[in-house]
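Good morning, and thank you for joining. I would like to go through one structure with you, looking at a sheet and some of the helices.

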Amino acid sequence: MARTHVLILGAAGRDFHNFNVYYRHRPHYRVVAFTATQIPAIANRRYPPELSGPHYPEGIPIEPEERLEELVRTHQVDEVVFAYSDVSHEHVMHLASRALAAGAGFRILGPRETMLRSDRPVLSVCAVRTGAGKSPTSRYLAALLRELGQRVVVVRHPMPYGDLREQVVQRFASLEDLERASLTLEEREEYEPHLRQGQVVFSGVDYEQVLAAAEQEADVIQWEGGNNDLPFFVPDLHVVVCDPLRPGNELRYHPGEANLRMADVVVINKVSTARREHVEAVRRSVAAINPRARIVEADSVLAVDRPDLLRGRRALVVEDGPTTTHGGMGYGAGYIAARAYEAEIVDPQPAAVGSLREVFAAYPHLQHVLPALGYTSQQLLELEETINRAEADVVVFGTPVDLVRILRRLNKPAVRVTYEIEERTPQLREILEEWLVRVGRLSRTEAAR
């Protein structure tokens with residue numbers, strides 16, 4: 001039987017999921033390699049045979065995306081499959097052009113081919129861009145579901161950047177669980193705020209197994225997307241967050257536009273920070289491509305734990321890594337808080353060491369903030385050294401994770417900035433009640449109380 005040779009372009013997440021649910025058990029396909037981008041240190045390893053199955057007894061190599069053309073020629077690839085997120089439509093088509101020029105076809109797997117169906121109701125929380133406010137929206141919705149008497153389990157989009165064999169199914173219920181798992185900063189940023197609210201979080205590599213485990217504990221499964229990716233599970237209610245600080249991005253990035261077109265509910269976040277005409281521009285986008293979606297306006301409300309340390313001081317601002325790197329934002333909550341308290345923002349670039357110098361070279365839009373990158377223990381040390389070298393009076397952490405607990409040799413005081421969602425006109429509880437009635441988790445009498 002002739003086999004179709006496949007190369008999957010990924011970033012250690014969607015790519016593995018697509019392989020697991022679509023290619024792993026289809027012998028007429030031969031996945032010759034994954035490629036890796038966006039995340040440091042995830043290339044030049046293997047998808048292990050314990051996960052790749054009997055058709056791949058030696059596992060599958062993971063190569064840098066830069067080798068795309070060479071891999072197509074060497075392995076006589078028939079199809080190049082795009083499988084990562086938060087890139088412009090133009091970026092996707094440039095990759096398609098590279099694949100076509102090398103002689104291969106180009107493909108994106110669709111929801112029917114990749115979404116798993118749960119026997120529990122599924123609420124999905126996704127976004128049109130990284131940094132739109134998906135995570136605080138997810139926490140807010142999980143809290144509402146608990147108030148409505150539901151046992152909710154959050155299942156997070158994968159971030160398996162370590163030993164894949166140890167990350168098949170991950171369950172986190174406490175901060176101690178995070179310590180035992182030796183996670184990257186990006187993983188901790190997503191899990192830690194949920195755990196502080198008493199919320200159990202699942203993640204992993206094989207989402208058929210992850211879903212089966214989560215269903216044992218849940219009345220409702222809440223999918224929390226990564227970047228602007230589509231859900232891995234079939235949603236019964238699909239909530240999508242938009243960012244009016246980047247108006248127009250909702251129509252220019254993959255697969256964020258698809259998320260917006262699929263949405264049942266659209267949360268336009270940051271409405272007090274954004275210009276009103278930009279909020280209205282996002283509203284027009286939603287009305288044009290998905291007029292059936294219900295629109296909720298919300299704010300990301302900031303809390304500063306030690307504002308007395310900021311006013312008039314020199315401040316080094318450290319922000320969420322993915323939001324400020326491939327998410328494309330030049331600042332975040334920490335910068336906004338520091339400016340609100342009239343701090344002098346210190347340029348982090350002269351103090352940068354090691355891989356962080358390369359980050360500033362790769363993302364020239366970063367002028368005022370230091371991304372909180374810690375994908376390896378070495379990079380964590382570089383982050384700490386960069387902070388200590390900066391000529392600042394105080395460091396402002398605008399990340400969801402408590403970096404003071406992780407970076408324990410800081411030579412300057414730290415201010416934490418956190419943020420939560422606040423609705424302008426509360427609607428989400430009512431929307432959830434209506435949905436829970438529809439899926440049989442609440443009676444109309446209970447919803448009316």
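Helices (H or I, at least four residues) and strands (E, at least two) are taken here as DSSP runs, numbered from the N terminus. The model is predicted: local features need pLDDT of at least 70, side-chain atom pairs count only at pLDDT 80 or more, and totals for chains, interfaces and linings use all residues. Residue numbers start from 1 along each chain as its sequence is written, and side-chain values use heavy atoms, leaving out hydrogens and water.

I begin with helix α6, residues 134-147. After this helix comes Gly149, with a positive phi near 85°. The 14 residues of α6 reach 20 Å from first C-alpha to last, close to the 20 Å expected at 1.5 Å a residue, where the expected span is 1.5 Å times one less than the number of residues. Of these 14 residues, 10 are buried, meaning under 20% relative accessible area with a 1.4 Å probe, protein chains only. Among them are Lys134, Arg139 and Leu144.

Now the sheet. Its 6 strands form an open sheet in the order β3-β4-β2-β1-β5-β7, with mixed pairing; two strands pair if DSSP finds at least two bridges between them. At the edges stand β3 (45-47) and β7 (105-107), each pairing on one side only. Strands β1 (residues 4-10) and β2 (residues 29-36) run parallel, joined by 7 bridges. His5 is placed opposite Arg30 in β2.

Conventions
Buried means under 20% relative accessible area, exposed over 50%, partly exposed in between (1.4 Å probe, protein chains only).
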